[in-house]
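Subject: Structure for you to look at

Hello,

Here is the structure I said I would pass on. Please open it alongside this note; my findings follow below.

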Amino acid sequence: MYVRVAEFSSTSDIKFDMFISFLEHKMLPRNIEAGQISGEIFKTSSNSGFVVSRFNSKMEADKIMSIMRDELTEIMGDTKIKLIEGPRIFNGIKNQ
């Protein structure tokens, strides 16, 4: 499994809400249809948060990034995004 975390902050609460709406209703559904395993959005303040995206491999992650790169660059205008990513090396899950 390969994970990409996108930390983002917008210049205002309204820009943040617009960015979240874009992620939730357009970008993540399209990416999942194209092969992304999952996408989760987290809020850390009124105008910042992060997205955790899971993929089968780095190759899949790069394929998805190529699909959304131009659109992401365009929407980033008032939103700063920092990416961190890498392969999962451990997964601890509580037995249910």
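Does Asn-31 count as buried or exposed? Keep that in mind while I go through the rest. One caution first: this is a predicted model.

**Overall layout**

The chain holds two helices and four strands. Read from the N terminus, the order is β-α-β-β-α-β. The C-alpha atoms fill a box of roughly 40 × 30 × 20 Å along the principal axes.

**Surface and charge**

Of the 96 residues, 30% count as buried. The chain exposes about 6,400 Å². Carbon and sulfur atoms supply 55% of that area. On charge, there are 13 positive and 13 negative side chains. The centres of these two sets lie 6 Å apart.

**The core**

In soluble globular proteins, nonpolar side chains tend to be buried together. Here the largest nonpolar core has twelve residues. Phe-8, Phe-16, Phe-19, Ile-20, Phe-22 and Leu-23 are among them. Helix α1 gives the most, with seven.

Leaving out residues up to four places away in sequence, Ile-20 touches Phe-8 and Ile-41.

Asn-31 lies in helix α1. Its relative accessibility is 2%, so Asn-31 counts as buried; the cut-off is under 20%.

What does Asn-31 contact, beyond its neighbours within four places in sequence? The partners are Gln-36, Ile-64 and Met-68.

Lys-15 and Asn-31 are 16 residues apart along the chain. Their C-alpha atoms are separated by 22 Å.

That is the handover. If you want one view to begin with, centre on Asn-31 and bring up its contacts Gln-36, Ile-64 and Met-68.

Best wishes

Notes:
Residues are numbered from 1 along each chain as its sequence is written. This is a predicted model: local features need pLDDT of at least 70, side-chain atom pairs count only at pLDDT 80 or more; totals for chains, interfaces and linings use all residues. Side-chain values use heavy atoms; hydrogens and water are left out. Buried means under 20% relative accessible area, exposed over 50%, partly exposed in between (1.4 Å probe, protein chains only). Accessible areas come from the Shrake-Rupley method with a 1.4 Å probe; for residues, only the protein chains shown count as cover. Lys and Arg count as positive and Asp and Glu as negative; His and the chain ends are not counted. The place of a charge is taken as NZ of Lys, CZ of Arg, CG of Asp or CD of Glu. A nonpolar core is a set of buried Ala, Val, Leu, Ile, Met, Phe, Trp, Tyr and Cys residues joined through side-chain atoms within 4.5 Å. Contact means heavy atoms within 4.5 Å.
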